[in-house]
Amino acid sequence: MKATARLVADFEALEASAGIEPGKVPFYKPPGSGGDPAQWSGSNSITSFLCTDLACDPCKSGRASLDGMVLKHGDYRPEGVGMLSNGEELLQVRSFLTYALTEGRRGTPHR
């Protein structure tokens, strides 16, 4: 199954199962909330899903591909003012990914 199809299927599963109603699974239970459903999050939003390991795993495999990528035409630069070469673009993507991984706030509870 392609990563995108797997992400869609995983999100749909979370969307159907998450909640605080009987028969549903809370998305998040804060520490110390015990059996108090009023403190739990039943969020089944895309934002909540993107904070899960299910959403993160395909990104990790993509990261491995990105880190090992060698461009055949790294020096190619499209015509136009301010256009970056393929190699410069790849450096920008890697730089953004590093930023997102170090500055991101995964695990923030969603209500």
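How many residues does α3 have, and how far does α3 reach from its first C-alpha to its last? The legends below start there.

**Figure 1. Helix α3 from end to end.** With 15 residues, α3 reaches 20 Å from its first C-alpha to its last, close to the 21 Å expected at 1.5 Å a residue; the expected span is 1.5 Å times one less than the number of residues. Helices here are DSSP runs (H or I, at least four residues), numbered from the N terminus. Please keep in mind that this is a predicted model, in which local features need pLDDT of at least 70, side-chain atom pairs count only at pLDDT 80 or more, and totals for chains, interfaces and linings use all residues. Residues are numbered from 1 along each chain as its sequence is written, and side-chain values use heavy atoms, with hydrogens and water left out.

**Figure 2. Confidence along the chain.** The pLDDT (the predictor's confidence in each residue, from 0 to 100) averages 86 over the protein, and 93% of the residues score at least 70. Where is confidence lowest, and where is it highest? The lowest mean, 83, belongs to helix α3 (residues 53-67), while helix α1 (residues 3-17) has the highest, at 91.

**Figure 3. The two sides of α3.** Ala 55, Cys 56, Pro 58 and Leu 66 are the buried residues of this helix; buried means under 20% relative accessible area, exposed over 50% and partly exposed in between, with a 1.4 Å probe and protein chains only. Seen down the axis of α3, these buried residues fall within an arc of 160°, so they line one face of the helix. The arc is taken from the directions from the helix axis to the C-beta atoms. On the other side of α3, Lys 60 and Ala 64 are exposed. The buried residues pack against α1, α2 (46-49) and α4 (86-103), where contact means heavy atoms within 4.5 Å.

Figure 4. For Cys 51, the nearest cysteine sulfur is that of Cys 56, 9.9 Å away. Cys 51 is partly exposed at 21% relative accessibility, whereas Cys 56 is buried at 15%.

Figure 5. Side chains of opposite charge can pair when their charged atoms come close. The whole structure holds three salt bridges, each a side-chain nitrogen of Lys or Arg within 4 Å of a carboxyl oxygen of Asp or Glu. In helix α1, Asp 10 and Arg 6 lie four residues apart, about one turn of the helix, and their closest N and O atoms are 3.8 Å apart. Asp 10 is buried at 18% relative accessible area, while Arg 6 is partly exposed at 33%. In helix α3, Arg 63 and Asp 67 also lie four residues apart, with 3.1 Å from N to O. Both are partly exposed, Arg 63 at 26% and Asp 67 at 44%.

Figure 6. Glu 88 forms a salt bridge with Arg 77, with the closest N and O atoms 2.8 Å apart. This pair links distant parts of the chain, eleven residues apart: Glu 88 is in helix α4 and Arg 77 in the loop between α3 and α4. Glu 88 is partly exposed, with a relative accessible area of 30%, and Arg 77 is partly exposed at 41%.

Terms used: Disulfide = S-S within 2.5 Å.
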